[in-house]
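Keep the sequence and model open while you read.

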Amino acid sequence: MKIRTLILGIFLFLGCGVMAQSVAWDPAPASGREPARGRLVPTFKRDTIDSYRRDLLWTKSPDNPLIYKAESSVPFAWNNRQVLLRVSAAPGGYALRVNGRRVGHVTTGALAAEFNLTKFVQAGSAVKIELELMGGDSPAGRLEDFGHPQEVLASELISQPTIRVRDVVVETRTTESGWLGEVGIVVKCDALNEKAARIRYELIDTAGVVVKQGFEDLRLRMRGEDTLRFVYAVPEHLLWSPESPLSYRLRLSTQTAGRYTEYLNLPIGFRHVALQEGILRLNGRALAAKPHVVDRPLTADELADLKARGCDLLLPLPDQATEALYTLADEVGICVVAQSPICTEASGLSRQKNGNPSNDPAMVEEYLDRTASARHLAQRHPSVVAYSLAHKSANGIALYESYLALKQVEHGLPILYFDAAGEWNHDYIQMSNE
C-alpha cells in the first residue's frame, strides 16, 4: 500500500510538473508588452549623443539553453521616470522576467517588442533580466516556417518621462494645391493621476531650415493618451522618392512643470502612395514595380546595385522584414513591402480542422496581433509602400480578418497577400517581369 501511495505521489508530482510547464505560456499573443512603435531614442539634451538608454549584452545560461540573461542598472537620473526594455529580435517567442518577477511574454521573436519595467526596478539599483524562449511545440510556432536569429539581438533600456512621446505617425495627402504632410505625435501619461506637459516640435528640411514649429499643452488623465497633430505643405521636389530619397528631421521636446524632460530627433519622409487599377503610384507617378525577393540581409551597397539594375520594389521574406532593412531602403531610395512574420507552408493547404492555421478561428487573435504590430513598426518609413499579410500560408478566416482590420486603419497603402489565389483579401498590384 505504501509503495502504491509512493508511486501515485510521484506520478502526481510529475503530472503537476508537466501541467505547470504546459500552462506557463499564456495563449494570448502577448502580455505585458507595450503597443508596437518604431524605435525612438530620447536624449538628455538637444542634438547630443548622450541618451536615456543603455545597451544590453545577453549571455546564454549554462544550465538552460532556452534562457538568456542580461544585467544592467538604473541610474539615479532615471528616478521618477519610465524604464522601458526594447528587444529587437529573438530566436522565438519568449517570456520575460526582471529581478525574478515575470513581466510578460510574446509568442514571436521576429518583431521588436517593448516592455515597461518601471514597477520592477529601482533607480540606483541593479537590474537582472531573464529571457526564456518558448521552446517546444506551440500553436504560434506553426506560423513560423522561416529562419530565426541564433541569439537574442540588439536590446536596450530606455528612459522616458512619465508623460512621454509614445509614437510618431506620418501621413501624406494630395490636395488641389499640392501635397500636405500630416505629423501625429502620440503622447501617453503613465501616471496614476492627471498630468500636464508641453510638447514642442520643429520640422527641419534638407537644407537645415526650420519650416514648421510650434507647441501644444496637453493634460492627460491617468494612463491617458492623446495625439498632437500638425500639417505642412510639402514642396513636390522635397517629397521622398527613389530618385530623391530625402528626409526631414523632426525635433521634439517634452516640457513638464517648466522643465525639459526629454528630447527626440528622428528622420521622417513625406510621400504619397495610391493604388489605381492595379498600378502602384508614388507621388502620382506609376511605379514600375520590378520586384526583388530579399532572402538574406543586404548592405546599402547591395541595395544601391539592385536599384541601379532597375529593381524598385523589395519583397522581404518574413525573417528578413526588419527595421534595419526599412531604414536602409529609406536612405538608398528603394521601395519595400513590409512583411508580417507569418509563414505556414509546412501545414499544407487544407482548410479542414487541424489543417492550415490560417483557417483556424482560434488563431485569429494571433494573426491580428502580428499583422498590426508589423504595420506599426514599419509605418514611419517612407520606403514602405505596402503591407503583406503572410507568406505561403494558404488562406482562411485569420487572413480575412487581418485584411479587414488593416483596411480599417490604413486608407492609403495597399494590403497584399500574394498567395490569396484570386480571393478578395489581396489588393492586386501589376508587377513588372522585365
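The buried residues of helix 4 are covered by elements including strand 5 (82–87), helix 3 (323–332), strand 23 (335–339), strand 24 (384–388) and helix 5 (397–409). Contact means heavy atoms within 4.5 Å. The model is predicted: local features need pLDDT of at least 70, side-chain atom pairs count only at pLDDT 80 or more, and totals for chains, interfaces and linings use all residues. Numbering runs from 1 along each chain as its sequence is written, and side-chain values use heavy atoms, without hydrogens and water.

**Helix 4 itself**
- Helix 4 spans residues 364–378 and has 15 residues. Helices here are DSSP runs (H or I, at least four residues), and strands are E runs of at least two.
- Of those 15 residues, 11 are buried (under 20% relative accessible area, 1.4 Å probe, protein chains only).
- Among the buried ones are Tyr367, Asp369, Arg370 and Leu377.

**Packing on helix 5**
- Helix 4 and helix 5 pack at about 40°, with axes 9 Å apart (axes are lines fitted to C-alpha atoms over the stretch in contact; angles run from 0 to 180 degrees between N-to-C directions).

**Glu144**
- Glu144 lies in the loop between strand 9 (126–133) and strand 10 (155–160).
- Glu144 is buried, at 11% relative accessible area.
- Beyond neighbours within four places in sequence, Glu144 contacts residues including Cys343 and Arg370.

Notes:
Expected span 1.5 Å × (residues − 1). Buried < 20%, exposed > 50% of the residue type's maximum accessible area, 1.4 Å probe, protein only.
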